[in-house]
Every structure is written in C-alpha cells, then in structure tokens.
Amino acid sequence: MNSRRSWMIVPAHQAEATALVAEWKPDVAVLDLEYTVPPRAKEAARAGVAEMVRKLADSQVDVFVRIERDTRWADVTAAVTRGIAGIVFANPDGVDEVSDLDEWILKAETQNGVEPGSTQLALMLESAKGFWDAAAIAAASTRVCALGVGRIDLTMQLGPVPQDEFRLFRFLMSRTVVAARMHAKQPLGAHWRPGSRGGVATTDATVQAAREARRMGFSGCVCAKPEQVPAVNECFSESSV
Amino acid sequence: MQHDITSSAAPGGDKPLPKFIRRSLVALSINDPRLTEKASACEADAIVLQFDKLSGSDWQQELRARMPAAIHSAARAGAEVFVRIARNAAIAELDAAVFSGLTGIVLTGVSGSAEVRQVCDHLARIEERRGIARNCLEISIDVDNPAAVWHSLDIARASPRFGMLIVNEQALCVSLGMQTQPQLAFDPLEYIKSQLITVALAAGGQAVGMSYPLGLTGQQVEDATLKKAVRRARDTGFKGAMCPHVSWVAACNVGFRPSDDEAAYYRKVIEVFAEGLKRGMASVPLDGKMVDVPVDVRAKLYLQWANRAAARDAEKARARAASS
C-alpha cells in the first residue's frame, strides 16, 4: 500500500497548521517555508518550525519541510529536527546542488541530534535542465525518496502559457516517472490542466488530475489546499490493474 | 537468414528503409510440443524462441540438445529466428541457446550499455566456436524497464550488432507503476514510444511496437480495429509488432508496409517526375499536388519498401512450399 499519497502544503507561519493536519489527515504534512509564507513572516516561520514538527509527532503523518531555494541553508538548519521525515526541495538545478544539500543536511543532523542520514529528500523538478537531468538528480543522494513534477511555473520557462491542454506537460511527467522508477523513488505529480490546478482546482479537476496521474505511474501528489486531500488519497489508492 | 550486421547498405549504396522487413514477430516456446506445427503454420516474419529453465535439471545441457532442432523447426516457414535471453543470466543462456540458424537474440532486462557490450563480446566467441559467420548475430533489446528507456540511446549504440528496440508495454507499465488496463484517453507511453522509435533509427535499427491501447491489452480484436491499430503504429514509426496472437500476423504483414494502392501511386509519382525531368522540369503536378525531388525520393524509398515486403512474402511462401 502506498503510504504517501497526499502531500498537503501547510504554511509554516500559520498557527492553525497543526489543526489543519489533524482535520484533513494527509499522508504527508509539508510545512512550508517557501512561497506560501510571506517574506515578513519567514523568520518567525523558520523559528517555529521545530515546535510545529514536535506538535505533529503524534499525528501519524510524515512531516516534511519545504525549503526556499535562496535561503535553503538557514531553512535546513531550522527544519532538520527530531520528528522530521524529510525536506522538500523545489527546482534542483543539478547533481552538485543535491550533493551539497545532502552535506548541509548531514551537518544539521549532527548539530540537532538527528540520526545522520535519516532525513529524506523529495525533489520537485521545475526547470528544463532539471527534467533533462532527472535520473542523475534522483541518484545524486541516498536521501532522495521522491521525484516530483513541480509547479507549472516551469511552463513559463519552456513556452507560452498554454490555453488548452499542455501536451509538453505529459512529456515531462513521462520523463519524471521513468527517472523515478528507474531509481526506485516515488514519482509525485498530478495531470493538472491549465486554469484548474493547485490552489484553484475544483474537486472534480483534482479527481481527474490525480486519477490520470495514478494511471500514468505516479503514486502521490502535492495538495496545495487541504480540501484536495480526500480526493487525492482515494485516486492514488486505485489498484495497479 | 544470416548477414553481416556491419554492412547494412542496400544494393546501389542507399540504406534501405526500413532496415529489416520484420512486420510480425511471434514468440514460441521450445518446450511447446506443437512448436513445429505452430511455426509451420505461422506466417510471421520473425519467430522469437523462448525456453523454460526447469529446476532440478541440467537446463543448459537440455537446452543445448534441443535448440538446434528448435531453430530448424522455427525457420521452416521462412521466418527469421531469434532467441530470448535474460540479461541476468546472459552468458549461461547464450552458451546454451545460440546456434547456427539464428538471426540473433532478444535481450531482456537490460539496464545499461555495459551489459550489451558484454553480450556482444560473448556472441563473438560463440560465433567463432560454433562456426557461425563472424558478426552475423544481432542483438535486439526488449525494452521492459525504466532504465532501458532512460539509457536507450547508449544501449542501442553499445554494439554494431544492434537490430531492434522492442517495446514491451505490459512489462513497462508494471515497472513504471502504471495501470495495466488502458483507462486513459491518451497513451501514457506516447513519449516513451516516440523516444524509442527515434533512438532505434538513430542507432541504425528499428523499433517494434503497437499503438494504444492494443499494444497494452494484446487483445484479439475485429479485423477493422486491428487494421486501424497497425496503421497508427506504422504512422508513429514502428516497423513491426510483437504479435500476442497468431491472428495479428496477417494484419501486421499487410499493414507494416505501403499498401498496393500506395505502391501504385508511388510508381506513378516516379514515372511522372522522370518525364518531367526529361522535359527539363524539377517540379511537376500530379493529381493536384506538386512532385519534386523529395517527393520522388520518398516514392522510391516507399516503393522499394513495398517491393522488399512483397519479396519477403514470396520468400516465405517458397519456404513453406518446400517444407510441406
């Protein structure tokens, strides 16, 4: 049974984050230090993340922390704490960057009394370079547990904002599944359509995106809002027949 | 049918398109008591032999004893004969299964180019040891896992013996965590197939596969449905398909080549263009379309393809007649 179907994003600066996790019961709670946290709240979010991880310790969910690319060193130092399952890192640029992050996490583990090597890494691909080097990136660290298709922002790099079905997205999803499965990592992603994805997706759109992704080989996806969790859990529970 | 795989040029110096006339491939087991009967009745361009390794027995010894006759049986109706070899036991299986009369092997479970190079080197030793013409045995790849997809170009270029990339949709779906029932409105393997077709051609071989969803289900379907599916596969770039049922063979043999109507049209194109050239024109109209150099070249290539397919059918018919 796939145990990490829904990766629910919870802004780490919001006091009600733990209540949201208790209410929606995702498989994975992703405490966010990235773009759902306004810049002025970043420092407080970072300072409070360890406490939030501690509060979630009894919730039966795996707790990950999504870190900001530009502040990843400070974010990792704050996030790697007892009770954390792993780090979500968006837009890895290459193997070296993942190796560096691996070393930095090790430093934080040693410093914060966390078992060395126990903190996992979920990498969300978001650039052309990242997708092209997906297999090498997935194998860049033994910590990597999942490889995901990142925010559709990558379409801005790869071409104009699509008005209809974005077929290049299926190519990128296909590439991600192959790279992830090749290295026994969990492929994360949903077959979102332009205009109905992430935080603006209706329940029906979420069901369709998750169900199609499941049939394409994915086994979980990020839920930008809590209401997506039940649909995502149900769709990614479909059998493999 | 054996030929030196290092010299693939057709008479006249042009590379043939496709490289091989292998429209229909059928897997048969050497453990099947009806192997000879099935192979004789089968009109496939190629037969892929597979074998069971019975536990508790000296499988190598048994295989060595049975393979030469099995190859002979499989070739009775003029099919090219291959043997399926598992990468994780490749050396032992090659020693036991590769004998004169084979066109090549189909290697399963390949995850990288080093494995292919090792098999290539060992085939050279077997060719020398068993009196098989040097560099004749081909290596085709059963693409059945994610690493074979990701490293397909390196794998295909790893040996001059490379022949075909065979898309094993069922195995790929399982290893990629996809559902094995076609429930999507689109082919989840579309881009993987595109990659494999391009890679196979780039490496000097060709790709074998079927269109969605038939490639996944392998079902027996009505003739009209099968015909459309084969046409879609041909239009995608596949040059033949593994046939899970003998009922697919005829449709593949007809569908993976230009039709008689197409061939007639290409003859007309060539004729009209040649007449135009005599009149000093490099572009001439035909049925409302312009025929110029690329159109003429394509017509010649496709006509050659149609003729080679017809010649292959005649060759198989002679073999069947001789063996009956």
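## First stop: a strand pair in chain B

Select Ile166(B) and look across to strand 7 of chain B, where its bridge partner is Val208(B). Before going on, note that this is a predicted model, in which local features need pLDDT of at least 70 and side-chain atom pairs count only at pLDDT 80 or more, while totals for chains, interfaces and linings use all residues. Residues are numbered from 1 along each chain as its sequence is written, and chains are lettered from A and ligands numbered from 1 in the order in which they are written.

Now widen the selection to strand 6 (residues 162-167) of chain B and strand 7 of chain B, which pair in the parallel sense over three bridges. Two strands count as paired if DSSP finds at least two bridges between them. Helices (H or I, at least four residues) and strands (E, at least two) are DSSP runs, numbered from the N terminus.

Show the whole sheet next: an open one of eight parallel strands in chain B, in the order 7-6-5-4-3-2-1-8. Its edges are strand 7 (206-208) and strand 8 (241-242) of chain B, each pairing on one side only.

## Helices of chain B

Select helix 3 (residues 90-97) of chain B. This helix lies across strand 3 (80-86) and strand 4 (104-108) of chain B, and runs at about 150 degrees to strand 3 of chain B. Angles here run from 0 to 180 degrees between N-to-C directions, and axes are lines fitted to C-alpha atoms, for helices over the stretch in contact.

Then pick helix 10 (residues 223-236) and helix 11 (residues 247-255) of chain B: they pack at an angle of about 45 degrees, and their axes are 9 Å apart. Helix 10 of chain B is therefore oblique to helix 11 of chain B. The classes are roughly parallel under 35 degrees, roughly antiparallel over 145, roughly perpendicular from 65 to 115, and oblique for the rest.

Which residues make the contact? From helix 10 of chain B, show Asp223(B), Leu226(B), Lys227(B), Val230(B), Arg231(B) and Arg234(B); from helix 11 of chain B, show Trp248(B), Ala251(B), Cys252(B) and Gly255(B). Residues are in contact if their C-beta atoms, placed from the backbone, lie within 7 Å. Coloured by class, the contact of these two helices has five nonpolar, one polar and four charged residues. Ala, Val, Leu, Ile, Met, Phe, Trp, Tyr, Cys and Pro count as nonpolar, Asp, Glu, Lys and Arg as charged, and the others, Gly among them, as polar.

## Across to chain A

Where do the two chains meet? Select 17 residues of chain A that are in contact with 16 residues of chain B. On the chain A side, helix 8 and helix 9 (203-215) each supply at least two residues. Helix 8 of chain A gives the most, with eight residues. By class, the side of chain A that touches chain B divides into nine nonpolar, four polar and four charged residues.

## The sheet of chain A

Chain A has an open sheet too, with eight parallel strands in the order 7-6-5-4-3-2-1-8. Strand 7 and strand 8 (221-223) of chain A stand at the edges with a single partner strand each, so one side of each is left without a neighbour in the sheet. On average, neighbouring strands of this sheet are turned by 25 degrees against each other, direction ignored.

Zoom in on strand 5 (residues 120-125) and strand 6 of chain A, a parallel pair with five bridges. Leu123(A) stands opposite Leu147(A) in strand 6 of chain A. Helix 8 of chain A packs on this sheet, touching strand 5, strand 6 and strand 7 of chain A, and its direction makes about 170 degrees with that of strand 6 of chain A.

## Last stop: two helices of chain A

Select helix 2 (residues 42-55) and helix 3 (residues 72-79) of chain A, which pack at about 25 degrees with their axes 8 Å apart. These two helices of chain A are therefore roughly parallel to each other. Show Arg46(A), Val49(A) and Ala50(A) in helix 2 of chain A, which meet Ala74(A), Asp75(A), Ala78(A) and Ala79(A) in helix 3 of chain A. By class, this contact has five nonpolar, no polar and two charged residues.

Notes. Contact = placed C-beta atoms within 7 Å.
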